[in-house]
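I opened my notebook to look up how the pieces of this chain are arranged. Here is what I wrote down, one entry at a time.

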Amino acid sequence: SIKNRILSNFKYSIVNKDFIKITEDYIVKPRVENILLNFGLIDSKGLTLKILELLKNFERYLKKINVNIAVGSSCQKIEQIESITKSKKLNTKLFVDYNKMQNLILNSDIIIGAGGVGLIERVCVGVPSISILAAKNQSKQLIKLCRKKTTIKKELDTFESENFFNSILNLISNFEIRLSLSKKCKTVVDGNGSYRVSKVIEDLFVQI
């Protein structure tokens with residue numbers, strides 16, 4: 001009989017092939033040009049809007065940086081998000097139901113997002129990021145990836161503060177930190193998880 005086996009190591013992470021394809025093309029640039037906000041299609045916690053409102057207060061530091069926003073049409077705060085993008089306070093571009101996320105990620109110098117599947121994708125590509133714990137089921141994964149120095153972890157109750165923006169500013173201004181995060185990312189999630197999982201399954205059947 002086949003015994004149950006739990007594959008919990010990040011080396012078994014299964015990542016969409018569209019993201020795996022761009023890992024070798026991703027480069028950490030000395031100057032940050034594009035920041036991506038990506039909290040999923042629905043963003044039930046309204047984090048995209050809260051981050052935009054925070055960034056708007058520090059617009060003087062972001063004049064030469066593009067803020068790209070990826071949300072779904074089902075996002076509850078989409079009207080308020082659109083209002084901020086139209087205000088011209090920031091250099092923003094809104095992507096609604098965008099089906100080429102790999103292109104946005106490839107061109108992002110920093111990503112601010114949640115700690116779920118999107119975090120695994122950006123770690124695989126090697127994009128420096130700030131990750132916010134948006135749901136309890138993200139906790140263990142985010143803590144482990146933060147300890148492995150692949151992302152910067154922030155809590156929900158602190159990210160609206162000036163301290164949170166200082167973390168963003170530090171990441172923008174420090175090329176060495178971004179480069180280090182990117183290098184660590186690629187050693188933790190290398191895109192070969194699907195192969196490893198299939199090999200484990202294959203070996204189980206060989207043992208029967």
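**Entry 1: the sheet.** I looked up the sheet and found 6 strands forming an open one, in the order β3-β2-β1-β4-β5-β6, with parallel pairing. The edge strands, each pairing on one side only, are β3 (91-96) and β6 (152-154). From one strand to the next, the twist averages 20 degrees.

**Notes on terms and the model.** This is a predicted model, in which local features need pLDDT of at least 70 and side-chain atom pairs count only at pLDDT 80 or more, while totals for chains, interfaces and linings use all residues. Residues are numbered from 1 along each chain as its sequence is written, and side-chain values use heavy atoms, leaving out hydrogens and water. Helices (H or I, at least four residues) and strands (E, at least two) are DSSP runs, numbered from the N terminus. Two strands pair if DSSP finds at least two bridges between them. I also reminded myself that strands of a sheet pair through backbone hydrogen bonds, either parallel or antiparallel.

Entry 2: I checked β4 (residues 110-114) and β5 (residues 129-132): they run parallel and are joined by 4 bridges. Within this pair I found Gly113 opposite Ser131 in β5.

**Entry 3: a helix on the sheet.** Helix α3 (residues 78-86) packs on the sheet and touches β2 (66-71) and β3; contact means heavy atoms within 4.5 Å. The direction of α3 makes about 145 degrees with that of β3. For such angles, axes are lines fitted to C-alpha atoms, for helices over the stretch in contact, and the angles run from 0 to 180 degrees between N-to-C directions.

**Entry 4: two loop residues.** Asp97, in the loop between β3 and α4 (101-106), is not a glycine, yet has a positive phi of about 55 degrees. Lys149, in the loop between α6 (139-147) and β6, is not a glycine either and has a positive phi of about 60 degrees. With a relative accessible area of 52%, Lys149 is exposed.

**Entry 5: two helices.** Helix α2 (residues 47-57) and helix α7 (residues 162-173) pack at about 80 degrees, their axes 11 Å apart. So α2 is roughly perpendicular to α7 (under 35 degrees is roughly parallel, over 145 roughly antiparallel, 65 to 115 roughly perpendicular and the rest oblique). Ile51, Leu54 and Leu55 of α2 make the contact with Phe164, Phe165 and Ile168 of α7.

Key:
Buried means under 20% relative accessible area, exposed over 50%, partly exposed in between (1.4 Å probe, protein chains only).
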